[in-house]
Amino acid sequence: MSEAKRFVYADNAATTAVSPSVLRAMEPYYTTHYGNPSSLYSIGQAAKRSLEAARRDVAECLNADPNEIFFTSGGSEADNWAIKGAAHLLAQKGKKHIITTKFEHHAVLHACAALEKEGFEVTYLEVHSNGVVRPEEVEAAIREDTALVTIMYANNEIGTLQPIREIGEICRRRGVWFHTDAVQAAGNVPIDVKEQNIDMLSLSAHKFHGPKGVGLLYIRKGIVLPNLIDGGAQERSRRAGTENVAGIIGLSTALKEACATMQERGERLTKMRDRLIAGALQIERSRLNGDSVRRLPGNVSLCFEGIEGESLLLLLDLEGVCASSGSACTSGSLDPSHVLLSIGLPHEVAHGSLRLSFSDGNTEEDVDYILERLPRIVERLRAMSPLWETIKSKNIQYDIREF
Ligand SMILES: *Cc1c(COP(=O)(O)O)cnc(C)c1O
């Protein structure tokens, strides 16, 4: 007998629910401690003290110094500041080359594209069929005029983890700055900016049960990026504007919680992830995207031949399951995800993609529920698909690039 309908939120890579303790920690900064941190009277100074305590707390989670932390409005802002700031600064020294990968988040790819229009040159590295960039290829791409390497820690669609420490070591040795978009990694896998040789790092609170609209850029001491916003003296005058105090308290509370529970949550989510993958791969002509081990604990990314990811999402939604197909930014367009194409999938296969991402609120019962519904939904869609008919009758073998 089939289980009763549930609500399963399996799109934690898109955003997460604010945890109750984070909300409780934020609330006083809207009600009683609403002072402006730049004001000299006591409620202003109390807000200032809380803000600086939050800065110390997040610095500790990353093994950074508090004065290396610059709060921003989120991950996209931090990525843009790091990349455009470093590029504009180092262009003055004749360095106008940037290295990144083909499967970055659009905040990074489009920042690089904007720089290309200004005359910068960008190398887009392969991430290979397993979704992992090879450090020796980063090294080989470095030139005399390379200003910056920007490579994400964990991919937002396929969850693969990059060899950050090794890439950072190469950049340090070759005198090139290294930025990493750690928006998906923060709170899920350990980050140590010193040990991993990271010069700049972006993260965003809403991906680890903090509020939307707040993030940070870690900028290693010694790097003085051009100001992002001119104005008051906030964020050491580099990013002016009255601080989002409640949001920053939310960010620090959420990051501390995520880091304190990382190990235990990682083990729990990895078990759920691997059981879901094993079950889903029982469906004929399905595949897992990205390395099966080097991936975020909560990320499952699959492709099913002969169907459209969007139709799959609609039917899953009818069953109460929130998931994603490709990244949220590309849904609505007909192009398959640039991430899936970058790992060698042909368009036809990439179209049938499904990402399920778990976090704190998910349970083994969610896995059971998805495994019960998913095969029937895929079967139903295939029964209506002329494409599937052809694939089956002609036994079409897609050319999946292994490299
Ligand atoms: C969500 C995300 C971003 C954007 O962060 P926002 O805070 O939503 O601007 C950037 N990079 C990655 C990898 C992400 O997953």
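The report below covers basis, cavities, a pocket and a surface patch.

## Basis

This is a predicted model: local features need pLDDT of at least 70, side-chain atom pairs count only at pLDDT 80 or more, and totals for chains, interfaces and linings use all residues. Residues are numbered from 1 along each chain as its sequence is written, and side-chain values use heavy atoms, without hydrogens or water.

## Cavities

The structure holds 2 cavities of 30 Å³ or more. A cavity is a set of points on a 1 Å grid over the protein atoms alone where a 1.4 Å probe fits but cannot get out; lining residues have an atom within 4 Å of a point. A volume is the space filled by probe spheres set on the points.

The largest cavity has a volume of about 210 Å³. Its lining numbers 21 residues. Nearest its centre lie Asn12, Gln184, Asn188, Leu296 and Phe358. By class, the lining of the largest cavity has 8 nonpolar, 11 polar and 2 charged residues. Asp, Glu, Lys and Arg count as charged; Ala, Val, Leu, Ile, Met, Phe, Trp, Tyr, Cys and Pro as nonpolar; the others, Gly among them, as polar.

The second largest cavity has a volume of about 40 Å³. It is lined by Glu157, Ser301, Gly326, Leu340, Ser353, Leu354 and Arg355. Strand 12 (residues 353–357) gives the largest share of that lining, 3 residues. The classes are 2 nonpolar, 3 polar and 2 charged. Strands (E, at least two residues) and helices (H or I, at least four) are DSSP runs, numbered from the N terminus.

## Second largest pocket

A pocket is an open set of points with protein on both sides within 12 Å along at least five of seven lines. The second largest pocket holds about 160 Å³ of space. Of its 14 lining residues, Lys48, Ala233, Gln234, Glu235 and Arg236 are the closest to its centre.

Helix 3 and strand 2 (69–72) each supply at least two lining residues. Helix 3 has the largest share, 3 residues. The pocket lining divides into 5 nonpolar, 3 polar and 6 charged residues.

## Surface patch

Tyr34, Tyr41 and Ile43 make a nonpolar surface patch of about 340 Å². Patch residues have over 30% relative accessible area and no salt bridge, and nonpolar side chains are joined within 5 Å. Areas come from the Shrake-Rupley method with a 1.4 Å probe.

Tyr34 sits in the loop between helix 2 (28–31) and helix 3 (42–62). Its relative accessible area is 55%, so Tyr34 is exposed (exposed means over 50%).

How values were computed
Patch = residues over 30% accessible without salt bridge, like charges linked within 9 Å, V, L, I, M, F, W, Y side chains within 5 Å. Salt bridge = Lys/Arg side-chain N within 4 Å of Asp/Glu carboxyl O. Buried < 20%, exposed > 50% of the residue type's maximum accessible area, 1.4 Å probe, protein only.
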